[in-house]
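Here is a short briefing on one protein model with a ligand. Please look over the sequence and the structure before reading on.

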Amino acid sequence: MKYSYAGLKLASPAVLAPMSGVSTLPFRLLCKELGAGLTYTEFASAIAIARSVEGKRLSNNKVFSRVKTVKEEHPVGVQLFAPNEKDLCTAIEYVERDFDLVDINFGCPSPKITGGGCGAFLLKTPEKIISLLNAAVSISNKPITCKLRMGWDTPVLHEFVKKIENTGIQGIALHARTAQQGYSGSADWEYIKKIKNLVSIPVIGNGDVSSASEVLDKIENNYCDLVMVGRGAWNHPALFAEVSGKPVPLRKEIILRYLELVQKHPVTDFSDVKAQLSGMLSGLHGVKSLRVQLMQAKDLVHVERVIHTAVM
Ligand SMILES: Cc1cc2nc3c(=O)[nH]c(=O)nc-3n(C[C@H](O)[C@H](O)[C@H](O)COP(=O)(O)O)c2cc1C
């Protein structure tokens with residue numbers, strides 16, 4: 001295989017982004033079947049995992065549904081966020097066994113996450129990122145990677161990315177915006193190239209990619225080693241088949257396969273299924289009325305009926 005990340009051989013350079021409420025197990029499996037080279041779980045709180053492990057409350061806790069995989073999914077990474085080394089290490093020891101890599105989130109700008117001193121908040125204190133990564137590398141039996149933004153309010157990652165590499169992590173994924181930008185403006189792919197040229201470990205570029213040709217263009221023009229796709233894959237998972245040169249199933253076939261996977265691997269929040277489908281219907285003629293019908297659906301049988309009767 002031509003592509004690799006964190007020592008793993010990958011069949012495709014297109015990676016499914018971790019997306020809370022979207023990258024659920026059935027959606028990840030769908031993207032894998034279509035050709036995604038690597039998938040990640042939705043991020044999970046290391047503190048929630050650590051407290052459950054310490055209190056021996058291992059069942060019946062929603063956080064564990066976020067860190068579940070099955071053998072068909074490999075290679076797959078688990079993503080954690082944490083404000084301190086102790087909880088991060090406890091969580092890693094508990095979850096890493098089933099995964100091929102452990103990724104730490106330093107990119108999430110949501111106040112729910114940054115308010116707890118996690119995610120992109122840590123970009124304000126690079127020394128804390130280094131310390132968390134050192135702790136993770138020293139405790140883990142799996143490759144450690146991380147996902148970052150360029151900085152909190154200005155791009156500063158280039159100033160300390162070499163120190164990040166020196167912790168022994170085996171890859172970096174970069175969403176090329178600052179945390180303060182949220183999703184405004186456009187991702188700065190020249191900055192991704194700059195970071196790639198500063199380190200020897202593989203770099204995954206991320207931000208605003210929504211077509212197979214863009215994925216291939218970023219690789220051919222040496223912006224990065226792999227390309228991570230988030231919202232583009234949510235709306236159009238067939239992108240993974242297009243990148244791999246596999247036959248591209250019809251939209252309806254993809255959606256029905258997704259529903260089969262949901263039946264096999266139920267998700268905790270039924271609303272996630274509806275949101276997922278709503279994305280996959282994007283651009284379709286008559287999408288408004290379909291979305292209304294979907295939002296009214298009370299269960300999977302009802303959802304299937306709506307999809308079966310839709311013209312697409
Ligand atoms: C609904 C949603 C949930 C997300 N959840 C996560 C997450 O759990 N972990 C993470 O690292 N990034 C998360 N992200 C950010 C994406 O992984 C990605 O970095 C971002 O969407 C930019 O890529 P895109 O332009 O291809 O969407 C999320 C994004 C969206 C839209």
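In which loop does Asp208 lie? Asp208 sits in the loop between strand E10 (203–206) and helix H9 (212–220). The model is predicted.

**Domains and their contact**

- The domain assignment of the protein chain gives domain 1 (3–244) and domain 2 (251–309).
- Their C-alpha centres are 27 Å apart.
- Across the boundary, 14 residues of domain 1 are in contact with 14 residues of domain 2.
- On the side of domain 1 that touches domain 2, the elements giving two or more residues are H1, helix H3 (62–65) and helix H10 (231–235).
- H1 gives the most to that side, with 5 residues.
- By type, the residues of this side of domain 1 divide into 9 nonpolar, 4 polar and 1 charged.

**Nonpolar core**

- The largest nonpolar core has 98 residues.
- Leu80, Val227 and Val229 have the most contacts inside this core.
- Helix H1 (residues 25–34) gives the most to the core, with 6 residues.
- Domain 1 (3–244) and domain 2 (251–309) both give residues to this core, so the core lies between them.
- In soluble globular proteins, nonpolar side chains tend to be buried together.
- Leaving out residues up to four places away in sequence, Val227 touches Pro13, Ala14, Val15, Ile204, Gly205, Val209, Val215, Lys218 and Ile219.

**Ligand shell**

- The ligand is surrounded by 22 residues.
- The closest are Ala17, Met19, Phe43, Gly230 and Arg231.
- The shell divides into 8 nonpolar, 10 polar and 4 charged residues.

**Helix H9 and its ends**

- Which residues of H9 are buried? They are Ala212, Val215 and Lys218.
- These residues cover an arc of only 130 degrees around the axis, which puts them on the same side of H9.
- Ser213 and Glu220 are exposed on the other side of H9.
- The cover over the buried residues of H9 includes strand E3 (14–16), helix H8 (189–198), E10, strand E11 (226–229) and H11.
- Asp208, in the loop between E10 and H9, has a positive phi near 70 degrees and is not a glycine.
- Why does Asp208 count as partly exposed? Asp208 has 18 other C-beta atoms within 10 Å, and a residue needs 20 or more to be buried and 12 or fewer to be exposed.
- Asn222 follows H9 and has a positive phi, near 55 degrees.

**Helix H13**

- Helix H13 (residues 270–280) has Val273, Gln276, Leu277 and Met280 buried.
- Seen down the axis of H13, these buried residues fall within an arc of 95 degrees, so they line one face of the helix.
- What covers them includes H1, H10, helix H12 (251–264), helix H14 (287–296) and helix H15 (300–309).

**Backbone details elsewhere**

- The peptide bond from His74 to Pro75 is cis, with omega near -5 degrees.
- Pro75 is placed in the loop between H3 and strand E6 (76–81).
- Ala6 is not a glycine, yet has a positive phi of about 50 degrees.
- The loop between strand E1 (3–5) and strand E2 (8–10) holds Ala6.
- Is Ala6 buried or exposed? Ala6 counts as buried, because it has 23 C-beta neighbours inside 10 Å.

**Pro249**

- Pro249 is found in the loop between helix H11 (239–244) and H12.
- Pro249 has 16 C-beta neighbours inside 10 Å, so it counts as partly exposed.
- Apart from neighbours within four places in sequence, Pro249 is in contact with Ala238 and Ile254.
- Pro249 and Gly21 are 228 residues apart in sequence and 24 Å apart in space, C-alpha to C-alpha.

Definitions and conventions: Residues are numbered from 1 along each chain as its sequence is written. This is a predicted model: local features need pLDDT of at least 70, side-chain atom pairs count only at pLDDT 80 or more; totals for chains, interfaces and linings use all residues. A residue is near a molecule or strand if its C-beta atom, placed from the backbone, lies within 6 Å of it. Ala, Val, Leu, Ile, Met, Phe, Trp, Tyr, Cys and Pro count as nonpolar, Asp, Glu, Lys and Arg as charged, and the others, Gly among them, as polar. A nonpolar core is a set of buried Ala, Val, Leu, Ile, Met, Phe, Trp, Tyr and Cys residues joined through C-beta atoms within 7 Å. Helices (H or I, at least four residues) and strands (E, at least two) are DSSP runs, numbered from the N terminus. Domain bounds come from an automatic or database domain assignment. Two residues are in contact if their C-beta atoms, placed from the backbone, lie within 7 Å. The arc is that of the directions from the helix axis to the C-beta atoms.
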